[in-house]
Protein chains: 4
Amino acid sequence: MSSASTGHEIADDRRYVLTLGCPDRTGIVARISAFLADVGGWIVEAAYHADSDTGWFFTRQAVRASSVGFGVDELRSRFAEVAAELGPDTEWTLHDSGARKRVVLLVSKEGHCLHDLLGRAAGGELPADIRAVVGNHRDLEDVTRRHGIDFHHVPFPKDPAERGPAFEEVRELVDVHDPHAVVLARFMQVLPAPLCDHWAGRAINIHHSFLPSFVGARPYHQAFARGVKLIGATCHYVTPELDAGPIIEQDVIRVDHADEVADMVRQGRDIEKLTLARGLRWHLEDRVLVHGRKTVVFS
Amino acid sequence: MSSASTGHEIADDRRYVLTLGCPDRTGIVARISAFLADVGGWIVEAAYHADSDTGWFFTRQAVRASSVGFGVDELRSRFAEVAAELGPDTEWTLHDSGARKRVVLLVSKEGHCLHDLLGRAAGGELPADIRAVVGNHRDLEDVTRRHGIDFHHVPFPKDPAERGPAFEEVRELVDVHDPHAVVLARFMQVLPAPLCDHWAGRAINIHHSFLPSFVGARPYHQAFARGVKLIGATCHYVTPELDAGPIIEQDVIRVDHADEVADMVRQGRDIEKLTLARGLRWHLEDRVLVHGRKTVVFS
Amino acid sequence: MSSASTGHEIADDRRYVLTLGCPDRTGIVARISAFLADVGGWIVEAAYHADSDTGWFFTRQAVRASSVGFGVDELRSRFAEVAAELGPDTEWTLHDSGARKRVVLLVSKEGHCLHDLLGRAAGGELPADIRAVVGNHRDLEDVTRRHGIDFHHVPFPKDPAERGPAFEEVRELVDVHDPHAVVLARFMQVLPAPLCDHWAGRAINIHHSFLPSFVGARPYHQAFARGVKLIGATCHYVTPELDAGPIIEQDVIRVDHADEVADMVRQGRDIEKLTLARGLRWHLEDRVLVHGRKTVVFS
Amino acid sequence: MSSASTGHEIADDRRYVLTLGCPDRTGIVARISAFLADVGGWIVEAAYHADSDTGWFFTRQAVRASSVGFGVDELRSRFAEVAAELGPDTEWTLHDSGARKRVVLLVSKEGHCLHDLLGRAAGGELPADIRAVVGNHRDLEDVTRRHGIDFHHVPFPKDPAERGPAFEEVRELVDVHDPHAVVLARFMQVLPAPLCDHWAGRAINIHHSFLPSFVGARPYHQAFARGVKLIGATCHYVTPELDAGPIIEQDVIRVDHADEVADMVRQGRDIEKLTLARGLRWHLEDRVLVHGRKTVVFS
């Protein structure tokens with residue numbers, strides 16, 4: 001993995017990161033690598049995936065910024081010609097790893113994921129510029145402000161049918177930052193479908209179960225009732241269908257008959273934190289490519 | 001754990017193993033341990049669980065057989081008085097670990113679980129006396145016979161509605177051995193409800209998913225379609241509701257976007273083997289106590 | 001596990017927790033459980049271990065405080081008679097879980113373990129009363145004070161031979177709190193032998209390798225040079241021999257050829273945090289019994 | 001991953017697999033992929049690694065055999081020119097996945113790894129043509145022959161100083177097959193240095209500990225004495241320095257204070273089997289590139 005992701009960046013560690021997906025055929029790798037060689041690009045990471053199920057090709061490549069004689073905008077405009085050759089369905093991005101990505105967090109009362117992400121961002125481990133935290137309760141206002149980050153309180157009505165204006169306010173508070181990621185860090189509210197679509201590919205949720213088991217409310221209670229021997233957490237993109245979006249990362253931890261719901265909640269917090277932190281970091285480093293209901297993760 | 005379970009048994013390693021479940025109250029441990037002390041029982045393993053959800057108490061205790069001055073039948077008849085004091089709902093068993101438990105295996109075409117269990121039994125690791133293998137295909141007849149074990153072929157009609165007589169034949173072939181465990185080692189047939197009830201607490205299945213995800217047919221195909229990042233296996237008691245019986249053991253293994261269904265099948269086999277072997281060993285060593293839809297496992 | 005450990009304590013959740021180790025013989029369980037039944041103790045957790053290697057017996061039992069008609073001091077003085085019957089080598093403790101244990105943390109520059117423990121203590125997950133943090137650098141002073149906890153800076157001379165007075169000052173700053181645990185949360189200083197002996201059974205270290213691999217300095221560099229496929233962390237009691245004390249908990253995480261030292265450092269932090277948090281919680285809940293160079297952990 | 005490894009091979013699943021290592025510089029990927037595009041190669045797997053520590057570049061690429069208009073020998077002779085351009089230190093291989101690799105197993109008395117590998121090879125999961133088994137005891141002769149494989153018994157003298165002729169006989173029995181892999185499946189004998197050199201890059205050992213912990217004899221006894229909380233297994237190439245060769249794969253399993261040496265032996269067997277099977281499969285599929293004391297594993 002790139003040492004650019006470790007918080008010990010030096011000048012020469014800046015990379016230009018290309019991601020691309022297109023229908024598979026012979027010669028794609030040759031075309032892209034010839035382009036990169038032509039501009040002097042020194043490749044430090046390269047990953048490929050040919051999906052035999054869908055006939056789609058995916059790649060992520062990172063070159064040293066210092067090895068290319070010009071900036072990311074120029075590189076992007078030159079690469080557009082290559083992408084055009086690969087067909088009209090080609091989807092691609094090209095980012096400068098030196099530009100930290102903007103992130104907004106949505107929270108409720110449970111603070112463990114927020115506390116964890118703030119600690120990682122402060123320690124330089126997460127390549128994120130956390131611009132704001134929006135909460136439907138005030139419980140996490142203090143810890144947010146102590147990190148020097150703006151906190152916005154948007155109270156939510158009890159009646160789900162009356163929450164439209166509150167969601168609209170959240171949307172405005174988020175969109176002013178034009179974020180690369182909107183993280184539902186145990187937000188506990190189901191986003192309306194239009195908001196899911198509006199933030200498609202950017203809204204990331206942490207669900208406290210191993211999906212597709214235990215969709216919806218109180219998954220630890222469901223897990224306890226079923227008597228499972230492992231509990232889990234799932235980091236996924238938000239889509240209109242509840243807890244059914246493309247999965248970025250999952251993990252589990254062992255429990256046994258002696259663990260009550262409160263024990264599962266406690267142990268599950270550790271898995272939630274790790275799973276969300278990994279998934280978000282991969283998203284911010286352009287390691288996650290979405291295709292249909294699934295993801296390709298070049299971790 | 002008991003070294004009795006390692007296949008390196010010596011005379012002094014024989015144990016009398018008590019399991020008991022009853023409504024919780026003060027003094028149960030004292031009553032049982034006073035009884036064991038009275039008969040000279042040297043306790044080598046003792047485990048307890050007080051279930052606050054159901055108000056039930058569970059224990060498993062193993063004493064050195066050589067420390068008790070008489071046989072397991074006598075011990076059983078004496079303990080019956082203690083059990084009676086603990087109330088009419090008390091359920092208990094008392095076994096001599098020196099008596100290997102009888103096991104019958106049901107199989108179809110996939111041989112990895114059978115191959116694994118035969119190897120473990122032959123190596124002395126599994127305290128099982130495998131009496132027979134029943135298959136609805138002949139694929140696994142040779143490997144079974146090479147281990148000196150009887151194989152019975154019971155062909156199943158294509159039409160599920162006509163399988164009654166075949167199940168009846170399986171039942172007879174199994175029941176002649178009065179087995180402690182009937183293992184569905186990738187049997188791929190749904191047992192009729194009466195058979196589930198008849199073998200209640202003895203029929204053990206290995207399902208190739210992390211339940212309750214992916215119930216029913218072709219779970220690896222379901223997992224592939226959903227894009228999960230871990231696949232699993234579940235060892236559980238068979239009940240009339242499909243794949244919903246009390247779970248004994250589960251485990252998972254990591255997969256990624258590059259794994260096709262065939263890769264999941266291959267990797268999943270390792271988890272299936274381990275999960276079934278662990279669950280079956282615990283069952284045979286009287287480490288699993290069933291209560292309602294859940295298990296207490298004193299592993 | 002005890003819901004007392006989940007931060008959702010209610011009055012009835014208070015327990016009296018007994019730990020005991022003594023030479024094994026018949027009747028110990030009966031003697032202890034008869035005593036507990038006599039005082040009306042409702043057992044909510046009970047665990048036993050008979051160590052065949054050393055011939056030693058270990059137990060931990062938790063009874064509801066409300067089920068006993070008097071306080072922990074009275075219970076302790078009554079139990080002393082039972083303990084005396086079990087022989088002069090018997091070691092035992094009896095604690096009231098309602099009394100939070102006092103903890104002092106020793107730190108240097110790396111803040112991830114400190115940040116994690118402060119978050120867990122604030123969230124009620126760790127039954128700890130963190131009384132002070134002592135650092136040989138000032139880097140972690142701010143985060144400590146923001147949590148309302150005293151920070152003491154004790155500069156250490158470069159020359160190890162001249163560090164005696166600094167260690168003496170640390171000792172005084174710690175001992176004023178008479179702590180149940182002195183946690184070396186990435187303290188990076190080797191305690192002098194007399195200090196190890198003084199805090200024996202209370203000083204807990206987190207070492208950033210899977211011991212006994214990679215003892216001493218820069219374990220991630222050692223792991224990288226050796227090309228291991230998993231890296232780990234070890235939580236252990238501090239003894240005069242470096243990194244050789246009784247192990248409380250260990251865990252590992254997978255790495256591969258693409259992970260440089262900086263990646264291992266980043267990923268290892270997650271394992272260090274989890275391993276230390278689990279080990280410390282078990283210590284504070286009287287779940288760890290030390291015997292010789294090893295531990296019995298009733299987790 | 002390649003579906004070629006799943007035992008469900010069809011004609012179109014045959015691949016030509018290229019591995020290459022050379023000093024890193026700009027344009028290597030472009031040169032190789034241009035060559036593959038020129039010959040019509042449809043890339044189904046491609047992996048790269050640029051090692052910043054050594055300045056070395058590694059790749060593994062698999063193309064559909066059917067997409068190239070000629071055989072592997074012709075492809076190899078054409079690629080030689082490309083390799084020459086990449087400098088005199090370049091090391092590369094080019095294999096046809098349709099040609100099963102030859103394997104010889106060395107065993108002693110413990111049969112679990114042998115039993116496991118024979119089962120996987122028979123099931124089509126392992127792309128191996130197991131040509132012979134050589135044992136210094138006769139314990140595993142029967143199980144080997146039941147699989148229709150030759151077994152050679154070479155007794156070893158008690159005195160290590162007199163084992164030279166026995167090793168010479170083993171060498172001859174192995175070399176007659178010119179194997180791609182010589183697997184020490186719990187062989188329990190230390191190979192003489194000249195034999196290590198002779199089979200360099202082909203001799204694969206399974207050591208029953210998480211190296212570098214517990215080198216040498218009786219690692220489970222060492223683990224028990226130290227009181228570790230996880231035990232492991234390591235699959236590595238054999239080199240003259242004992243248990244110090246490049247590591248291919250490692251895994252661990254949790255143990256606790258209740259596990260005696262015999263329990264560790266039993267549980268460790270499962271990890272040994274899995275670790276060896278994975279490492280050997282990767283070796284046979286040309287997924288392991290050795291560089292100095294370490295490996296690059298494109299799993």
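**Chain symmetry and salt bridges in a predicted model**

Biologist: Which rotation superposes chain A on chain B?

Modeller: Chain A goes onto chain B with 0.0 Å of shift along the axis and an RMSD of 0.0 Å. The rotation is 180°, which means the relation of a two-fold axis.

Biologist: What are the ground rules here?

Modeller: The model is predicted: local features need pLDDT of at least 70, side-chain atom pairs count only at pLDDT 80 or more, and totals for chains, interfaces and linings use all residues. Residues are numbered from 1 along each chain as its sequence is written, chains are lettered from A and ligands numbered from 1 in the order in which they are written, and side-chain values use heavy atoms, with hydrogens and water left out.

Biologist: Which residue of chain A comes closest to the rotation axis?

Modeller: The distance is taken at the C-alpha and comes to 2.5 Å. The residue is A:Ser213.

Biologist: How many salt bridges does the structure hold over all chains?

Modeller: A salt bridge needs a side-chain nitrogen of Lys or Arg within 4 Å of a carboxyl oxygen of Asp or Glu. Over all chains, the count is 112.

Biologist: Which residue forms a salt bridge with D:Arg269?

Modeller: The closest N and O atoms are 3.5 Å apart. D:Arg269 lies in helix α8 (residues 261-284) of chain D, and its partner in the loop between α3 (112-122) and β6 (128-135) of chain B, so the pair joins two chains. Helices (H or I, at least four residues) and strands (E, at least two) are DSSP runs, numbered from the N terminus. The partner is B:Glu125.

Biologist: Is B:Glu125 buried or exposed?

Modeller: Buried means under 20% relative accessible area, exposed over 50%, partly exposed in between (1.4 Å probe, protein chains only). D:Arg269 has 11% and is buried. B:Glu125 has 8%, and is buried.

Biologist: Is C:Arg138 buried or exposed?

Modeller: C:Arg138 forms a salt bridge with C:Glu141, with the closest N and O atoms 2.8 Å apart. C:Glu141 is buried at 14%. C:Arg138, at 52%, counts as exposed.

Biologist: What separates D:Arg266 and D:Asp263 along helix α8 of chain D?

Modeller: Their side chains meet in a salt bridge, 3.3 Å from N to O. Both residues are buried. They sit three residues apart in the helix, so the separation is about one helical turn.

Notes. Least-squares fit on C-alpha atoms with pLDDT ≥ 70 in both.
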